[in-house]
Amino acid sequence: MEQRRYERRHRTGCLTGYVVAVLLWCVASAQLRYSISEGVNEGTVVGNIAKDLGLEKSTLKDRKYRIVSGGADSLFHVNQNDGILYVSREIDREEVCAQSSMCLINLKTLLENPLEVHYVVVEVLDVNDHSPSFPEKEKKLEISESVLPGARFQLKPSRDRDSGHFSVQQYKLSHNDHFRLEVRDKGEDGKIPILVLQKSLDREAAGSHSLVLTALDGGKPPKSGDMNILVNVLDVNDNTPIFSKDIYSVTLSENAPIGTTVIQVNATDLDDGPNGEVVYSFGNSVSNSLFTLFDINQSTGEIIVNGLIDYEEKDKYEIEIQASDKGVAPLTTEKSVIIKIVDVNDNAPEIEVTSFSSSIPEDSRPGTTVALISVNDLDSGLNGNVICSIAEDVPFVLSPSLQDKMYSLVTKLPLDREKRAKYELTIVAKDSGQPSLSSEKTISVVVSDVNDNSPEFSQSPYTFYVSETNEPGTSVFAVKAFDRDENDNAVISYRILRDGSEENKLTSFLNINTENGDILALKSFDFETLKTFQFQVVATDSGTPSLSSNVTVNVFILDQNDNAPVILYPVSSNGSAEGVEEIPRNVNAGHLVTKVRAYDADIGYNGWLLFSLQEVTDHSLFGLDRYTGQIRTLRSFTETDEAEHKLVILVKDNGNVSLSATATVIVKLVEPKEAFAASDVKSSTKVDEEDNVTLYLMITLGSVSTLFLISIIVLIAMQCSKPTDYTSKYLQDTNYDGTLCHSIQYRSGDKRYMLVGPRMSIGSTIVPGSHANTLVLPDRRRASEEVRQFFL
């Protein structure tokens, strides 16, 4: 049920993500426009981009909202907490946009995950913070008195660093009787003041005239600048130079070598002598920047290339050429020369890469955007037509964007980090010029890992051989798994599968190191109780969601010589290995006195028993069979032989370090009649004893079963009340096979108790003891209490 609810939530989340992605794509194509005055203080708010675009403020910082490019991105910054665009420093419009009529700063902002690009245009509004100024504080004019009214004298214009309405709007001429002012609008070159003679000059009446030209901008109140004009009246030079053409126009390839002749202008003067000699120069309206690009031969009128001509900087120049004669009072004529610059493919494309992430998950679907690629070529026409491509055969492709000269780098095939974790992509941008120019940009795309590989065990299944009587709490063997993923996705933890089944019961006595797969046994194994067992180990990685795999572990217990021989006969009433045998004195040699019986719980050589006489009163009387334990007489008894003989028999196994036990047999020689009577009495006593033993065994068995049942109930109750992490440290329960061949000793305070009970099976922990096997059971009620089980 939980899984179905998770799947429904997942599908709903995916659908919501798709809708949001579509809406964000629509928003990404929008463009915002703000305006702000120059000179505002740092920190001034330009506009709330997040509000105007409908973006959630809470996600701006997580999605790393920022300005990624712009003509003057250092002038502005965006606050990732509220999405407001602020001024970073004081803006001087004249510094940023020079004399442009409009000062527009284009900003490109970026949001990641998912990728969104928004274009913001900030218009910097001009402030009337500059006054008009003339290049010369004083201008001297020499005008012949023969100049007729209507003669025009062009003056150098006043310049105002402000633009638009705050630039020079009008000129005023101080009041006089001979001159008036005209203003010629030259577009980009501004307004040119022209001094017009409206009344003939009379040198004899006045040899000079002093005028003041004032330039006013459009501010309120307007700012102004003055230039003093001194007019010296000269005598008679009444013909001005005349150009051969009304319009001069020429084309010039950019990057033309210095010294190249652009065009030659020609003007003639009808006067004779110096008054008819023409010299050429640039007009007063020519800006200083043109002097670095062009020069003119004063004598021939040739315009020569003097600097680097760059089409991308300016594609057209209009130059005022001035032709003057050499009269005492030179006459001047001006003519415009238009130079059109022809583009040459001299600029390689420029590539700008804006990567939204340093890596991309390997499970990204085809079509996932990796980065934005923008290309630009300063050339025009075919020279500026750029085609982008990827040089290598990689699972990525460049997709043209809605914006001109923008590409999206997207995946075209599924990725697999385990096959290739990093791609070095070479983006090639090539224009269509002849010959074409190209540029390259290499970016690194890292494929991040996704948990798509389950842990794999080095073996399957595992088979281990473990010697019994291993030390509890130490590592007995280990499993190892590896994961082809990386980082947390490859960090493996191990656990033992505990399903509570009877077959998996022994897992409660095993513990595993979750980090390295070492498996520890919390008890010693006993081959005589358990020969082999099987369990499952689960390896789980740390990815989200995690992946896991299982492996079967088969464990075989190897026998060790850990059981000493146990004497079955003779056994006295007090439990010691002692017995008394009475035989007639008149028996012959080879008579079977008795047979020492013993067993060893080990197998193979460890359980193969050999008998030997360790102590005997008379070596000539008795012999012991090495393999069967039979004691026989070696000869007939004589009158001089002792009536009682003591035989100590050593029973030893064949282990590498052999273990042994001893039995003592007292042989008493009796007369034949006494022997028969003793035999009858012994048989009768034996029958009675067997009846009594049967009764005692039944009572003992009932008592032990009751105590065992109570112990099991108490143990279960205590186990349920303990935390689950104790379950691997203590025995869960005890299984019995019903054989009454064990005793249980336990201590409570200063008192000791012994219970006769059935033999323990697989669930016991066996440790070597003195001529016995000992199982240690920790008492859960008291640390001082200790329960031990001895195998007899």
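Confidence in the protein, given as pLDDT (the predictor's confidence in each residue, from 0 to 100), is lowest in strand β54 (residues 786-791), with a mean of 30, and highest in β21, at 94. The structure is a predicted model, in which local features need pLDDT of at least 70 and side-chain atom pairs count only at pLDDT 80 or more, while totals for chains, interfaces and linings use all residues. Residues are numbered from 1 along each chain as its sequence is written, and side-chain values use heavy atoms, with hydrogens and water left out. The mean pLDDT of the protein is 79, and 80% of its residues reach 70 or more. Residues 1-29 stay under 50, and for them the model has 11 contacts beyond four places in sequence, a contact being heavy atoms within 4.5 Å. The pLDDT is also below 50 over residues 680-690, a stretch with 2 contacts beyond near neighbours in sequence. Where pLDDT is low, the predicted coordinates should not be read in detail.

The secondary structure comes to 6 helices and 54 strands. Helices (H or I, at least four residues) and strands (E, at least two) are DSSP runs, numbered from the N terminus. Of the 792 residues, 41% count as buried; buried means under 20% relative accessible area, exposed over 50%, and partly exposed in between (1.4 Å probe, protein chains only). Among contacts between residues at least 6 apart in sequence, 66% join residues at least 24 apart.

The largest nonpolar core holds 28 residues, of which L252, F294, I321 and I339 touch the most other members. A nonpolar core is a set of buried Ala, Val, Leu, Ile, Met, Phe, Trp, Tyr and Cys residues joined through side-chain atoms within 4.5 Å. At least two residues of this core come from each of β16 (248-253), β17 (261-264), β19 (278-282), β20 (294-296), β21 (302-305), β22 (316-325) and β23 (332-342). The strand that gives the most is β22, with 4 residues. Not counting residues up to four places away in sequence, F294 touches several residues, including L252, V262, F282, Y317 and I339. Another core, of 27 residues, lies apart from it and has Y462, V479, F509 and V555 among its members.

Four strands form an open sheet in the order β33-β40-β39-β36, with mixed pairing. Two strands pair if DSSP finds at least two bridges between them. At the edges stand β33 (462-467) and β36 (492-496); each has a single partner strand, so one side of each is left without a neighbour in the sheet. The twist averages 30° from one strand to the next. Strand β33 pairs with β40 (residues 548-558) in the parallel sense over 6 bridges, and T463 stands opposite N554 in β40.

Two loop residues were also examined. D600 lies between β44 (597-599) and β45 (609-616) and counts as buried, at 10% relative accessibility. Leaving aside neighbours within four places in sequence, D600 is in contact with N563, A564, P565, N606, G607, L609 and D653. D600 and V566 are 34 residues apart in sequence and 6.3 Å apart in space, C-alpha to C-alpha. A polar atom of the D600 side chain lies 2.8 Å from the backbone nitrogen of D602. S364 is in the loop between β25 (359-361) and β26 (369-376) and is buried, with a relative accessible area of 12%. The side chain of S364 reaches the backbone oxygen of P361 at 2.7 Å.

Methods. A polar contact is a pair of N or O atoms within 3.5 Å; within protein, one must be able to donate a hydrogen and the other to accept it, and residues adjacent in sequence count only if both atoms are side-chain atoms. Axes are lines fitted to C-alpha atoms, for helices over the stretch in contact, and angles run from 0 to 180 degrees between N-to-C directions.
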